[in-house]
Amino acid sequence: MELTAAHWIYLIVTLAVIVTMLFRKGVVLPIIIGTFLVAVVYKGSLIAGFQAVFNANLVAAKELFSIFLIISIMIGLLNSLKDIGADKRMVVPIQKIMVNGHVSYLVLMVTTYVISLFFWPTPAVPLICALLVPAAVSAGLQPMTAGMVIVIAGQGMALSSDYIMQVAPMLSAKAAGIDKAAVADKGLILSVITGVSALSMVYLQHRKTITKKSTSESGLGFNQGEKAFFDVADELAATAVDSEEILKRKQTWGKVFSILVPVSMLAVMIFMFQTKLGGGSGFEGTDGAAFIGGVATILLLLATIAFNRLHSLDKISDHITEGFVFAFKAMAPVIPIAGFFFMGSSDFTPAILSLGEDAAKPAFLFDMIQAGQDFIPHNPFFAGLGILIVGLVTGLDGSGFSGLPLTGALSGALANGSGLDASTMAAIGQMGAIWGGGGTIIAWSSLVAVAGFLQISPIELARKNFIPVMTGLILATIIAVIIW
């Protein structure tokens, strides 16, 4: 599509947002203004600008609601477990493995990578955050450090190779017109180089923040001003005076659910692994999240009924409400940000700009990239870094996979004159797109789920990931150019 004034405004706003983030300031204000200006200029109507601001938020909310929902359900479940003391009992066995914060770092990294490699990070995040993070924090790992490990190992290292399901290499290879196996193998190697490099940097940067294992009653070792995601209902619990009957009920059902919840989640994972390895369709992506979310909802109902008896008719609503309030309070700023970057894809612009079926569908971000593809120098190192940058820019819409057709097509087109093999360029572009948009350095991506569970700022998490991830990506690109 021919570039218009709206495309240039979109580019200026995008650069302004990046600069604003580098200065650690909020980006919601420039994002909303940018959405309004792009729509006004493109459609030539102030009314269209007002409509686009609303539509962008509505479209983003629809796309992100599944993440908000799984956060709400898991927070509700954890609050119900807190009522009966099962949350503290549940982490005791895992704490025996996580003897200190350093071991916890390694356990989180390996577990997240393996589960995410099979099922993508979407269903892995609630399991890991609900069962492993409390024990890791109790062992001395800081919530922000735990978040960085989960995001880099799962949404970065595992998802960028997608070696088990191979959706990503298939998209890259098909667009480049080459064999999928070559892209998959090189993608796996590059993802491990990037991930190990980034995780090593994170460990070296944060090793001094790892404290001694907590011996407090709660089992949590937070510094002043910090709180875990399962501390949401502490004030409510503190106001209750436990009778002898209530204490007995807590002791009995606390033991039951401290076993039932981990066993149920383990059974879910075993079933998902068995389905995947047995050649079935598996539970990838949203299917896996829906399965886990459904199980968590039933566990929430059972825990509430067991402890509250007849009062569970009212209490279940309280738990669900607490979960939704928590999720939206923590993640609401992400919605307008996502709405603006969704305008970069032609999949969303019709809904945001209220375009007719026969109207041209602009993709402000992708149109700009396609227009500038000829400026990538035909030199192996520059070509490799260029395709990496293209991948990173396509990830700005928060969807790592949406840019793969573009990076794949560019790899096939530029391979002959660049001195690089097409599969190598496609793998590098795949790294940029998924590490960028898959949820490691973009705050309006699936990274919000991890931040939501840990009750940390998604923007701060993305900012802290930026240097380790970019260092790993550049290192992997240089190695790829040298060895291939």
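# Exercises on a helical chain

Arg463 has a relative accessibility of 29% and counts as partly exposed. The model is predicted. The exercises start from this residue and then move to the rest of the chain.

## Exercise 1. The partner of Arg463

Find the residue whose side chain meets Arg463 in a salt bridge, and say where the pair lies.

Solution. 
- Step 1: look for a carboxyl oxygen within 4 Å of a side-chain nitrogen of Arg463. Glu460 supplies the oxygen, and the N to O distance is 2.7 Å.
- Step 2: Arg463 and Glu460 lie in helix H23, which covers residues 458-483.
- Step 3: count along the helix. The two are three residues apart, about one turn.

In general, side chains of opposite charge can pair when their charged atoms come close.

## Exercise 2. A bridge across the sequence

How many salt bridges does the model have in total, and which residue pairs with Lys186?

Solution. 
- Step 1: the count is two salt bridges.
- Step 2: Lys186 pairs with Asp421, with the closest N and O atoms 3.3 Å apart.
- Step 3: Lys186 sits in helix H11 (residues 180-206), while Asp421 sits in the loop between H20 (404-418) and H21 (422-437), so the bridge ties together parts 235 residues apart in sequence.
- Step 4: compare with the 20% cut-off for buried. Lys186, at 13% relative accessible area, is buried. Asp421, at 38%, is partly exposed.

## Exercise 3. H9 against H22

Work out how helices H9 and H22 are oriented to each other, and list the residues in contact.

Solution. 
- Step 1: take the axes of H9 (residues 143-161) and H22 (residues 447-454). They come within 10 Å and cross at roughly 155°.
- Step 2: angles over 145 degrees count as roughly antiparallel. H9 and H22 are therefore roughly antiparallel.
- Step 3: the crossing of H9 past H22 is right-handed.
- Step 4: H9 contributes Pro143, Ala146, Gly147, Ile150, Val151 and Gln155 to the contact, and H22 contributes Leu447, Val450 and Leu454.
- Step 5: sort them by class. Seven are nonpolar, two are polar and none is charged.

Now follow Pro143, which lies in H9. Is Pro143 buried or exposed? Its relative accessibility is 5%, so Pro143 counts as buried. The C-alpha atom of Pro143 is 8.4 Å from that of Gln455, although the two are 312 residues apart along the chain.

## Exercise 4. H10 against H21

Repeat the analysis for helices H10 and H21.

Solution. 
- Step 1: the axes of H10 (residues 167-176) and H21 come within 10 Å, crossing at roughly 125°.
- Step 2: H10 and H21 are therefore oblique to each other.
- Step 3: H10 passes H21 in a right-handed crossing.
- Step 4: Ala168, Pro169 and Ser172 of H10 meet Ala426, Gln430 and Ile434 of H21.
- Step 5: this contact has four nonpolar residues, two polar ones and no charged one.

## Exercise 5. Burial and the whole chain

Solution. 
- Step 1: H16 spans residues 334-342, and nine of its nine residues are buried. Among them are Val334, Pro336, Gly339 and Phe342.
- Step 2: of the 484 residues in the protein chain, 55% count as buried.
- Step 3: The chain has 23 helices and zero strands.
- Step 4: Residues 24 or more positions apart account for 78% of them.

Terms used. Residues are numbered from 1 along each chain as its sequence is written. This is a predicted model: local features need pLDDT of at least 70, side-chain atom pairs count only at pLDDT 80 or more; totals for chains, interfaces and linings use all residues. Side-chain values use heavy atoms; hydrogens and water are left out. Buried means under 20% relative accessible area, exposed over 50%, partly exposed in between (1.4 Å probe, protein chains only). Helices (H or I, at least four residues) and strands (E, at least two) are DSSP runs, numbered from the N terminus. Axes are lines fitted to C-alpha atoms, for helices over the stretch in contact, and angles run from 0 to 180 degrees between N-to-C directions. Angles under 35 degrees count as roughly parallel, over 145 as roughly antiparallel, 65 to 115 as roughly perpendicular and the rest as oblique. A crossing is left-handed if the near helix is turned anticlockwise from the far one by less than a right angle, and right-handed if clockwise. Contact means heavy atoms within 4.5 Å. Ala, Val, Leu, Ile, Met, Phe, Trp, Tyr, Cys and Pro count as nonpolar, Asp, Glu, Lys and Arg as charged, and the others, Gly among them, as polar.
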